[in-house]
Amino acid sequence: MSVVLYTTVGCHLCEQARELVAMVSPDLTLTLVDVAEDDELLARYGERIPVLMKEGRELGWPFGLLDVQQFLAG
């Protein structure tokens with residue numbers, strides 16, 4: 001399963017998102033994508049990060065433990 005976390009340097013909410021994913025699925029490897037490195041991604045996600053992406057589906061912040069569980073299971 002491939003899961004992407006759209007993030008950027010110094011984003012404390014992104015760190016919280018990573019911790020939630022680690023609690024739900026400790027063995028899952030997240031692909032971290034820094035939106036600041038791509039103008040298109042920055043325009044799309046800059047105000048919305050952190051955002052999880054899996055199989056074309058997005059889970060945008062704010063989300064909690066149950067939201068992450070359901071998102072990863074779906």
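Biologist: Where does Asp 34 lie in this predicted model?

Modeller: Asp 34 sits in strand β2, which covers residues 30-34.

Biologist: Asp 34 is buried, so why is it said to have no salt bridge?

Modeller: A salt bridge needs a side-chain nitrogen of Lys or Arg within 4 Å of a carboxyl oxygen of Asp or Glu. For Asp 34, the nearest side chain of opposite charge is Arg 18, and Arg 18 is 11 Å away. Therefore Asp 34 has no salt bridge.

Biologist: What makes the link between Asp 34 and Thr 8 a polar contact?

Modeller: The cut-off for a pair of N or O atoms is 3.5 Å. The side chains of Asp 34 and Thr 8 are joined at 2.9 Å, so this is a polar contact. The side chain of Asp 34 also has a polar atom 2.9 Å from the backbone nitrogen of Ala 36.

Biologist: How do you know whether Cys 11 is buried or exposed?

Modeller: Buried means under 20% relative accessible area. Cys 11 has 15%, so Cys 11 is buried. Its place is the loop between β1 (3-7) and α1 (12-24).

Biologist: Why is Asp 39 called exposed?

Modeller: Exposed means over 50%. Asp 39 has a relative accessible area of 67%, so the word applies. This residue is found in helix α2, residues 39-45.

Biologist: Which residues form the negative surface patch?

Modeller: Glu 37, Asp 38, Asp 39 and Glu 40 form it. Asp and Glu count as negative, so the patch is called negative.

Biologist: How far apart are the C-alpha atoms of Cys 11 and Asp 39?

Modeller: They are separated by 18 Å, and the two residues are 28 residues apart along the chain.

Terms used:
Residues numbered from 1 in each chain as written. Predicted model: local features only at pLDDT ≥ 70, side-chain atom pairs only at ≥ 80, totals over all residues. Heavy atoms only, no water. Patch = residues over 30% accessible without salt bridge, like charges linked within 9 Å, V, L, I, M, F, W, Y side chains within 5 Å. Areas by Shrake-Rupley, 256 points an atom, 1.4 Å probe, with all protein chains shown as cover. Charge placed at Lys NZ, Arg CZ, Asp CG, Glu CD. Helix = DSSP H or I, 4+ residues; strand = E, 2+ residues; numbered from the N terminus. Buried < 20%, exposed > 50% of the residue type's maximum accessible area, 1.4 Å probe, protein only. Polar contact = N/O pair within 3.5 Å; in protein donor to acceptor, adjacent residues only side chain to side chain.
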